[in-house]
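This report describes the fold of one protein chain for a reader who is new to structural work. Please keep the sequence and the structure in view while reading.

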Amino acid sequence: MPEGESDDIGGIDSDVLERIGRRLRSSARFSSVEYRPAYAPNAVVADFDDGYFPRDVERAYLRIRWFETDDFNVHYSEQYRDRETWECRWDRHPNSHNDREHIHPPPDAPTPREDTAFASDWREVISYVLSELDERIHSFWE
């Protein structure tokens with residue numbers, strides 16, 4: 001559970017999580033999408049195809065958790081060969097550090113950070129996140 005997260009988020013919404021996994025599998029951005037893998041049994045983990053990144057990026061992935069309350073965490077991480085990371089997170093959950101909806105911005109996803117508002121529908125949230133990450137990926141090649 002991320003720092004400051006409350007127990008009021010309910011259980012994992014397996015149905016929505018499975019739909020998110022199917023949606024991500026249909027995107028050419030990802031080389032693999034795992035639904036509730038053993039190392040993250042409450043999440044969908046999608047690894048970006050490494051062809052989208054400079055050679056010094058060893059791995060880039062999304063880890064998504066979606067709850068029955070429509071709360072969520074979408075964590076993005078780039079892991080570099082020199083052990084550096086670049087991370088951010090989009091969250092909706094009760095907590096002690098921000099409004100319910102907030103972003104932990106890059107490069108290190110600090111807490112507390114920016115309050116925001118997200119769409120209520122998971123499809124719009126995922127589209128928004130992917131759009132933000134497309135901008136990040138494009139910035140590597142400008």
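## Terms and model

A residue is called buried when its relative accessible area is under 20%, exposed when that area is over 50%, and partly exposed in between. The structure discussed here is a predicted model.

## The sheet

Seven strands make up an open sheet with antiparallel pairing, and their order is β1-β2-β3-β4-β5-β6-β7. At the edges stand β1 (30-35) and β7 (114-115), each of which pairs on one side only.

Strand β6 (residues 101-104) has neighbours that can be followed bridge by bridge. Four bridges connect β5 to β6, and these two strands run antiparallel; Arg89 has His104 in β6 as its bridge partner. Between β6 and β7 the pairing is also antiparallel, over two bridges.

## Helix α2

Helix α2 (residues 122-140) lies across β1, β2, β3, β4 (72-80), β5 (85-92) and β6, and runs at about 20° to β4. How far apart should the ends of α2 be, at 1.5 Å a residue? The 19 residues of α2 should span 27 Å, and the end C-alpha atoms are 28 Å apart, which agrees.

Which residues of α2 are buried? They are Trp122, Val125, Ile126, Val129, Leu130, Leu133, Arg136 and Ile137. Viewed down the axis of α2, these buried residues fall within an arc of 125°, so they line one face of the helix. The buried residues of α2 pack against α1, β1, β2, β3, β4 and β5. On the other side of α2, Glu135 and His138 are exposed.

## Helix α1

Helix α1 (residues 14-25) packs on the sheet, where it touches β1, β2 (44-48) and β3 (57-66); its direction makes about 165° with that of β1. The twelve residues of α1 reach 16 Å from the first C-alpha to the last, close to the 16 Å expected at 1.5 Å a residue. The N-terminal end of α1 is capped by Asp13, which has a side-chain oxygen 3.2 Å from the backbone nitrogen of Asp15.

The buried residues of α1 are Val16, Leu17, Ile20, Gly21 and Leu24. These residues cover an arc of only 145° around the axis, which puts them on the same side of α1. Among the elements that cover them are β1, β2, β3 and α2.

## A buried tyrosine in the sheet

Tyr61 belongs to strand β3. Is Tyr61 buried or exposed? Its relative accessibility is 8%, and because the limit for a buried residue is 20%, Tyr61 counts as buried.

Leaving aside residues up to four places away in sequence, Tyr61 touches Val45, Ala46, Asp47, Phe48, His75, Tyr76, Ser77 and Gln79. Tyr61 and Arg29 are 32 residues apart in sequence, while their C-alpha atoms are 10 Å apart in space.

## Backbone features in the loops

The loop between β6 and β7 contains Pro107, and a cis peptide bond, with omega about 10°, joins Pro106 and Pro107. Ala109 also lies in the loop between β6 and β7. Although Ala109 is not a glycine, it has a positive phi of about 50°. With a relative accessibility of 16%, Ala109 counts as buried.

Arg36 is placed in the loop between β1 and β2. Arg36 is not a glycine either, yet it has a positive phi of about 50°. Its relative accessible area is 32%, so Arg36 is partly exposed.

Terms used
Residues are numbered from 1 along each chain as its sequence is written. This is a predicted model: local features need pLDDT of at least 70, side-chain atom pairs count only at pLDDT 80 or more; totals for chains, interfaces and linings use all residues. Side-chain values use heavy atoms; hydrogens and water are left out. Two strands pair if DSSP finds at least two bridges between them. Contact means heavy atoms within 4.5 Å. Axes are lines fitted to C-alpha atoms, for helices over the stretch in contact, and angles run from 0 to 180 degrees between N-to-C directions. The expected span of a helix is 1.5 Å times one less than its number of residues. Buried means under 20% relative accessible area, exposed over 50%, partly exposed in between (1.4 Å probe, protein chains only). The arc is that of the directions from the helix axis to the C-beta atoms. A polar contact is a pair of N or O atoms within 3.5 Å; within protein, one must be able to donate a hydrogen and the other to accept it, and residues adjacent in sequence count only if both atoms are side-chain atoms.
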